[in-house]
Each structure stands twice: as structure tokens, then as C-alpha cells.
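Subject: Structure handover

Hello,

Here is the structure I promised to pass on. Please open it first, then read my notes below.

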Amino acid sequence: MTKALGKILTSLYIDSTWFSVLAGYLILKVQGVQGLASDLQWLYSYFNPATVRNMPPQYFIMISKTGALGLGEFPFPEWHKKEKENVLSNVGIEVEYGEPLCEGEYRGTFRTVGDKEHAEIIRLYIEESLGINKIAEILARSSRTPLVQIQRHNKAIERSGFCPAYRRVKSRYENVIAQRNMQSPGGC
Ligand SMILES: [Zn+2]
């Protein structure tokens, strides 16, 4: 139990009698400089105020609804994560950090171009050597859309060496400038 939860229990204990009846026990952890709430100060006749203020985090004071008092300790479990222990590497899990894909969003009648569609536009342009109008037709877009995407793709590569949309898609062409007829010179 955390100190915060101990505090919550303390305030619930004060605010609602039914809760303390329901819970049966009140558990108090280290109280810090604020010390015990005013209606619990009688505990200082049983527990040293310095102890209540500074006791190690695994210690707690328990009060039962019949008025029985106890001082307890949560033992540190053997299997608990140690500070700075790398659990993922210990159990052999490799985490691959990547950005989530941007999906196209509907904005009124217009849908923004998500990463996959961007990648498809660039692929059609490079691999299939399709023109702007043909790509627009295939994707049911205005011809401006592929044009803007190709310009954006090439500018990103010129500026920072890669296209962020392609990097998120984890596909080739993330650092390839889109030019028509790259793979089939003389094509349509
Ligand atoms: Zn791109």
C-alpha cells in the first residue's frame, strides 16, 4: 500500500463511518512532516511521533475497528524488481521503439493522407512510373494530392535525409528521392 492510499484511507476514515465499518482496518504508512490527522493523534500515545513520521516505507500501523493496534512490515518479496534492474533484458524481451503510424483522418468531406497512403503514392510513382493523374485516379484523390505528397517526401529527404512517414511504415524509399521512371526508363 502506498502512502497516498494510506492518506486516502485516513480521509475516508474521517469522512465516512460506513467505510471504516466496511474496511474493518485502517492502515497507516509513514506520515511525513504532516504527521497524523487530528482525530488520529491519540496514536501518538502508543507510537513515537518520530517513528510515525520517518518509519521505512515497508512498515505500517494497523488499527482495527475494535481499536486493536499493530505495527507491521510488508516483507520485500524475493521476486520484486530491484532498483535499476532491467526486467525486459532478463526475460529476453527486445523492445523495438518505433513511432505509431499516422492514419488518415476525416475532416468534413476531406480525408488527410495517412502514412500508408503516402507510401503507396510514392511507390506507384517510383515503381509503376505512374503519372500524377493516374495515381490520383487509382486512389480516388484529386491530382493535387499525389503532387503534394511527392513534394513533401522529397523535401523531407533533402532536409533531414529521410521521410518520416516512410520510416513509420518501415518500408523502402524512406531515403529515396521520388522520381518517375527510376526503375523503368522509357516507360509510360
Ligand atoms: Zn515519404
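Predicted model: local features only at pLDDT ≥ 70, side-chain atom pairs only at ≥ 80, totals over all residues.

Helices and strands here are DSSP runs, numbered from the N terminus: a helix has at least four residues, a strand at least two. With that in hand, the protein reads α-α-β-α-β-β-α-β-β-α-α-α-α along the sequence. That comes to eight helices and five strands.

The mean pLDDT of the protein is 83, and 84% of the residues score at least 70. Confidence is lowest in helix H1, residues 3-15, with a mean of 52. Helix H6, residues 132-138, has the highest, at 96. Please also look at residues 184-188. There pLDDT stays under 50. For that stretch the model has four contacts beyond four places in sequence.

**Overall numbers**

The protein has 188 residues, and 15% of them count as buried. Take the contacts with a separation of 6 or more: 46% of these join residues 24 or more positions apart.

**The sheet**

Three strands make an open sheet, in the order E1-E2-E3, with antiparallel pairing. E1 (25-28) and E3 (69-73) are the edge strands, and each pairs on one side only. On average, neighbouring strands of this sheet are turned by 25° against each other, direction ignored.

Start with E1 and E2. Strand E2 covers residues 59-64, and four bridges pair E1 with E2 in the antiparallel sense. Tyr25 has Ser64 in E2 as its bridge partner. Ile27 stands opposite Met62, also in E2.

Now the other side. E2 and E3 run antiparallel and are joined by five bridges. One place to look is Phe60, which stands opposite Gly72 in E3. The hairpin of E2 and E3 has four residues between the strands. In this hairpin, Gly67 takes a positive phi near 100°.

**The nonpolar core**

In soluble globular proteins, nonpolar side chains tend to be buried together. In this model, the largest nonpolar core has 14 residues. Which of its residues touch the most other members? They are Ile122, Tyr125 and Tyr166. Two elements give two or more residues to this core: helix H5 (115-126) and helix H8 (164-169). H5 gives the largest share, five residues.

Tyr166 is worth a click. Leaving aside neighbours within four places in sequence, Tyr166 is in contact with Ala119, Ser171, Tyr173 and Glu174.

**H5 against H7**

Two packed helices are described by the angle between their axes and the distance between the axes. The axes of H5 and helix H7 (residues 144-160) come within 10 Å and cross at roughly 90°. Angles of 65 to 115 degrees count as roughly perpendicular, so H5 is roughly perpendicular to H7. On the H5 side, the contact is made by His118, Ile121, Ile122 and Tyr125. On the H7 side, Pro146, Gln149, Ile150 and His153 take part.

Ile121 is found in helix H5. Is Ile121 buried or exposed? Ile121 is buried, because 28 other C-beta atoms lie within 10 Å, and the cut-off for buried is 20 or more. Not counting residues up to four places away in sequence, Ile121 touches Ile135, Pro146, Gln149 and Ile150. Take Pro146 from that list. Ile121 and Pro146 are 25 residues apart in sequence, yet 6.2 Å apart in space, C-alpha to C-alpha.

Most residues other than glycine have a negative phi. Two residues to check against that follow.

Lys84 has a phi near 65°, a positive value in a residue other than glycine. Lys84 is found in the loop between E3 and helix H4 (87-90). Lys84 counts as exposed, because there are 5 C-beta neighbours inside 10 Å and 12 or fewer means exposed.

Tyr173 also has a positive phi, near 75°, and is a residue other than glycine. Tyr173 lies in the segment after H8. Where does Tyr173 fall, buried or exposed? Tyr173 is buried, because 20 other C-beta atoms lie within 10 Å and 20 or more is what buried requires. Tyr173 is also one of the contacts of Tyr166.

Over to you.

Best wishes

Note on methods:
Residues numbered from 1 in each chain as written. pLDDT = per-residue confidence, 0-100. Contact = placed C-beta atoms within 7 Å. Pairing = 2+ DSSP bridges. Axes fitted to C-alpha atoms, helices over the stretch in contact; angles between N-to-C directions. Core = buried A, V, L, I, M, F, W, Y, C linked by C-beta atoms within 7 Å. Parallel < 35°, antiparallel > 145°, perpendicular 65-115°, else oblique.
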